[in-house]
Amino acid sequence: MRVSFRSLFAILCTVAIALALLPAWGVNAQEATPEAGGTDAIAVVDLAPGITAEVFSGVPTDLAPGQTLYTVRFVFQPGSEIFAHGHPGTTSLVVESGTFGWTLRKGTAHVVRGAASGELTGTEEVTEPGTEVILNPGDAIYYEDDVIHTARGAGDAPTVILGSMLLESGAPLLHEAAEATPAS
């Protein structure tokens, strides 16, 4: 079976988004219950004050044995920020609306401007700890399990992030980082 670059990129973007934002989810997921008025098919998790994750699916995949593919929507209220964390796999995030601030603490991430439109303007590699990138609607970021980062709602309106995360099955979706400040 052949997988097109566009399909693979969409999957990776969704995984990256979910991984980037799900580290905090693993910390609180045990206490999480779907919010009132929602559907029982969607788990809604409070990650930090002003930040929620709606997990739409978590399915195994034959293409990646031992891993689960998650589809998640994250909502960051203006000024909200999540603690330094990492994800146990590949994360792909794309900004649906609002302004998203994402700060690298450790590892390497890749920013793709205009990813949602298919009119890519190039990939930016983020390698310097402490570097913050600002992502706008249509921009994406993806990274692997060696990345530690923070994220925040950087605008005056809520920020909505769509994520796809290909994570180690059974592992928490995110873990709080031991070191919350960038290396000097």
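## A tour from Arg-113

Select Arg-113 and show its surroundings: leaving aside neighbours within four places in sequence, Arg-113 is in contact with Glu-119, Leu-120, Thr-121, Gly-122, Glu-124, Ile-134, Leu-135 and Asp-139. What you have open is a predicted model. Arg-113 itself lies in the loop between strand E7 (109–112) and strand E8. A polar atom of the Arg-113 side chain lies 2.7 Å from the backbone oxygen of Ile-134.

**Colour by confidence**

Before going on, colour the model by pLDDT. The mean pLDDT of the protein is 80, and 74% of its residues reach 70 or more. Select residues 1–39 next: the pLDDT there is below 50, and this stretch has 143 contacts in the model beyond near neighbours in sequence. Residues 180–184 are another stretch to pick out, as pLDDT stays under 50 over them. For residues 180–184 the model has seven contacts beyond four places in sequence.

**The sheet of eight strands**

Switch to a cartoon view and find the open sheet of eight strands. In what order do its strands lie? The order is E1-E2-E3-E12-E5-E10-E7-E8, and the pairing is antiparallel. Select strand E1 (43–48) and strand E8 (123–126), which stand at the edges. Each has a single partner strand, so one side of each is left without a neighbour in the sheet. From one strand to the next, the twist averages 20 degrees.

Strands of a sheet pair through backbone hydrogen bonds, either parallel or antiparallel. For an example of the antiparallel kind, select E1 together with strand E2 (residues 51–60), which pair over five bridges. Within this pair of strands, Val-45 stands opposite Ala-53 in E2.

**The sheet of five strands**

Move to the open sheet of five strands, where the order is E9-E6-E11-E4-E13 and the pairing is again antiparallel. Which strands stand at the edges? They are strand E9 (132–135) and strand E13 (175–176). Each of these has a single partner strand, so one side of each is left without a neighbour in the sheet.

Inside this sheet, select E6 and strand E11 (residues 148–153): they pair in the antiparallel sense over six bridges. To see one of the bridge partners, pick Lys-106 and then Ile-148 in E11.

**The aromatic pairs**

How many aromatic pairs does a search of the whole structure find? The search finds two. Show the side chains of Phe-76 and Phe-100 for one of them: this pair is edge-to-face, with 5.4 Å centre to centre and 65 degrees between the planes. Phe-76 is in strand E3 (residues 67–76) and Phe-100 in strand E6 (residues 100–106), so the pair links distant parts of the chain, 24 residues apart.

Next show Trp-102 and Tyr-143. Their ring centres are 5.3 Å apart and their planes are at 40 degrees, so the pair is tilted. Trp-102 lies in strand E6 and Tyr-143 in strand E10 (residues 140–143), so the pair ties together parts that are 41 residues apart in sequence. Trp-102 is buried, with a relative accessible area of 0%, and Tyr-143 counts as buried at 2% relative accessibility.

Key. Residues numbered from 1 in each chain as written. Heavy atoms only, no water. pLDDT = per-residue confidence, 0-100. Contact = heavy atoms within 4.5 Å. Pairing = 2+ DSSP bridges. Helix = DSSP H or I, 4+ residues; strand = E, 2+ residues; numbered from the N terminus. Axes fitted to C-alpha atoms, helices over the stretch in contact; angles between N-to-C directions. Phe/Tyr/Trp six-rings, centres within 6.5 Å; stacked < 30°, edge-to-face > 60°. Buried < 20%, exposed > 50% of the residue type's maximum accessible area, 1.4 Å probe, protein only. Polar contact = N/O pair within 3.5 Å; in protein donor to acceptor, adjacent residues only side chain to side chain.
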